[in-house]
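Subject: Handing over the structure

Hi,

Here is the structure I said I would pass on.

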Amino acid sequence: MTITETPQTAALNAPASRPPTAVSDAAAPVSGTRGSVSGTVKRKPIKPGRDRLMTALSAAAALGGTLVGVIGFAMSYSTLAKVALAWGFSKDLAPWFPVGVDASIIAFLALDLYLIRKDTPWPLLRMAAHGMTAATVWFNASSQGHIGDDPVKAASHGVMPVLFVIGVEAARRLIIQKARLEAGTAVDRIPLHRWILAPLDTPRFYRRMRLYAVASYEEMVRRQQDLIAYEQWLKRKYKGDLSKATDDERLPMTMAPYGYTVTEALALPEQQEREAQARAEEAERRRLDAETRQELARKKAEAERLEAEGKLEALRARVEGETGQARAHARAQVSAAERAAALEQEALDNALVAEARARETQAERKEAQERQAKADADLRAAELERQAAQKRKEAAEADRVAAAEAQAIETQTIAEARRAAAEADRVAAEIEKTAAEARRAAAEADRKKEEEESRKKVALADAAHAEKKAAEAKLAAAETRRAAAEIERRAVEAEDVAKLKPRERAVRRVARMILAVGGAAERLPLADIQHELEVASPSTASEYRQEAADLLASGYRP
């Protein structure tokens with residue numbers, strides 16, 4: 001290849017790098033979607049196929065490891081049991097000492113492998129297992145006396161636990177590698193020949209792989225080759241003077257220590273511009289969202305204000321309506337009270353006139369009856385006097401006849417006439433007596449009439465006085481009702497000025513009703529409150545009365 005051609009990677013299966021173009025025309029990352037800044041390539045999980053040879057080797061390794069472990073633990077058990085007896089353990093506890101030591105090794109290693117399988121390793125378990133293994137080796141080696149006296153004999157007793165641990169470590173490594181292959185996170189090792197052939201560059205190569213999680217050694221080699229090829233292309237472009245290159249063109253060399261490929265480094269400016277533009281767009285969107293929220297909040301506040309004003313207007317209209325209704329009611333009450341007072345006064349006057357006329361008529365009728373009775377008595381007395389005069393006249397005529405006859409002859413007939421005259425005189429005397437009794441009765445009737453007339457005059461005077469008092473009381477009651485209506489009207493006007501609520505108006509109306517009955521709340525029936533305020537519940541009327549009493553107690557006076 002000539003220097004003018006695009007450099008190719010050394011790997012046979014690696015794709016050729018695109019010739020560098022303008023910074024804005026950088027190629028897409030070769031490694032696909034980046035999971036981090038370093039552009040780590042995540043390998044596909046490798047599922048190794050079944051191989052009869054591998055199966056046989058696995059079975060042989062498992063069988064051999066198990067056999068070595070069983071033999072080693074059997075030898076260790078016998079040796080440690082004797083050591084435990086020699087160290088003073090009882091015969092009952094001595095056999096359990098090797099079980100505890102060796103079982104702890106197995107338990108720690110098994111738990112370490114389980115945690116590794118669950119991808120939650122804990123290094124302390126592995127260190128504890130190795131510590132117990134070292135203790136077992138030391139106990140087995142020192143069971144035959146001082147280690148320095150016969151090192152070979154001591155090593156023969158301590159080698160078996162070491163072999164078991166080596167087998168477990170091999171299994172551990174196999175499990176870890178298998179898990180990494182299945183998860184696609186296995187990391188390639190740098191070949192030994194590279195450490196030998198490039199001792200100065202390889203540490204930097206290894207550092208980049210480990211710091212930026214490049215799992216594939218071939219991928220790292222390809223990146224290195226792309227960087228070298230780009231640098232050579234840039235030198236050819238600027239005649240070997242890289243200082244003439246722009247900062248964007250030198251980005252691959254600048255960002256290579258941080259795990260960026262050539263393509264990723266060249267794409268950084270455009271990516272950052274896109275991100276900056278995205279941030280600006282996001283900021284503009286947030287600003288517009290904030291303005292929209294502010295506008296919505298303002299509109300909402302305006303709507304709430306208008307709604308509150310509407311409610312206030314509705315409340316004002318309702319209060320004005322109730323106030324007008326209360327004012328009209330008060331005026332109607334005043335007018336009704338005035339009309340009632342006028343009607344009562346007119347009715348009182350009419351009643352007094354009618355009653356006076358009735359009494360006069362009754363008095364005239366009684367007087368006529370009394371005059372008729374007196375006339376009848378006078379008539380009867382005159383008739384009796386006439387009859388008495390007639391009798392006296394007849395008696396005188398009889399006396400005259402008798403005297404004439406006596407003068408002529410005193411005969412039996414004259415005697416009888418005298419007796420008849422005497423009888424007539426007696427009858428006349430009785431008639432006179434009867435007439436006198438009649439005159440006395442007439443005089444007594446006149447006296448009684450005068451006394452009755454006197455009593456009637458006194459009764460009429462008393463009735464007139466009582467009627468006058470009743471009229472004055474009714475007039476005072478009408479005046480009181482008119483004054484109460486006037487007070488009610490003024491109180492309603494004062495409540496209108498104070499813009500009281502309907503309940504406050506009702507409480508004040510009940511307070512005025514309490515004052516009208518003397519100021520004691522108990523004297524005001526709940527039925528009157530229900531009728532006046534048009535409430536159906538006695539409990540509500542009781543609440544109004546209690547609040548009115550409290551209001552009066554606080555000094556309220558209409």
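Which residues line the largest cavity? Before I get to that, please keep in mind that this is a predicted model.

The lining consists of Val-68, Gly-69, Gly-72, Phe-73, Asp-102, Ile-105, Thr-133, Thr-136, Met-160, Pro-161, Phe-164 and Val-165. Two or more of these residues come from each of α1, α2 (96–117), α3 and α4 (151–183). Sorted by class, the lining has seven nonpolar, four polar and one charged residues. The space inside is about 50 Å³, and the count of cavities of 30 Å³ or more comes to three.

I also looked at how α1 packs against two of those helices.

Take α2 to begin with. The axes of α1 and α2 are 7 Å apart, and the angle between them is about 140 degrees. The crossing of α1 past α2 is right-handed. On the α1 side, the contact uses Phe-73, Ser-76, Tyr-77, Leu-80, Ala-81 and Ala-84, and they meet Phe-97, Pro-98, Val-99, Val-101, Asp-102 and Ile-106 of α2. By class, that contact is made up of 10 nonpolar residues, one polar and one charged. Two of its members, Phe-73 and Asp-102, turn up in the lining of the largest cavity as well.

Now for α3. Helix α1 (residues 52–86) and helix α3 (residues 123–141) have axes that come within 9 Å and cross at roughly 65 degrees, so the two are roughly perpendicular to each other. Here α1 makes a left-handed crossing. Met-75, Ser-76, Thr-79, Leu-80 and Val-83 of α1 touch Thr-136, Phe-139 and Asn-140 of α3. This contact has four nonpolar and four polar residues, with no charged ones.

At least two lining residues come from each of α9 (262–408), α10 (412–498) and α11 (502–516), with α10 giving the largest share at seven residues. The classes here are 13 nonpolar, two polar and five charged.

Over to you!

Notes:
Residues are numbered from 1 along each chain as its sequence is written. This is a predicted model: local features need pLDDT of at least 70, side-chain atom pairs count only at pLDDT 80 or more; totals for chains, interfaces and linings use all residues. Side-chain values use heavy atoms; hydrogens and water are left out. Axes are lines fitted to C-alpha atoms, for helices over the stretch in contact, and angles run from 0 to 180 degrees between N-to-C directions. Helices (H or I, at least four residues) and strands (E, at least two) are DSSP runs, numbered from the N terminus. Angles under 35 degrees count as roughly parallel, over 145 as roughly antiparallel, 65 to 115 as roughly perpendicular and the rest as oblique. A crossing is left-handed if the near helix is turned anticlockwise from the far one by less than a right angle, and right-handed if clockwise. Contact means heavy atoms within 4.5 Å. Ala, Val, Leu, Ile, Met, Phe, Trp, Tyr, Cys and Pro count as nonpolar, Asp, Glu, Lys and Arg as charged, and the others, Gly among them, as polar. On a 1 Å grid over the protein atoms alone, a cavity is a set of points where a 1.4 Å probe fits but cannot get out, and a pocket is an open set with protein on both sides within 12 Å along at least five of seven lines; lining residues have an atom within 4 Å of a point. Grid points are joined across faces, edges and corners, and a volume is the space filled by probe spheres set on the points.
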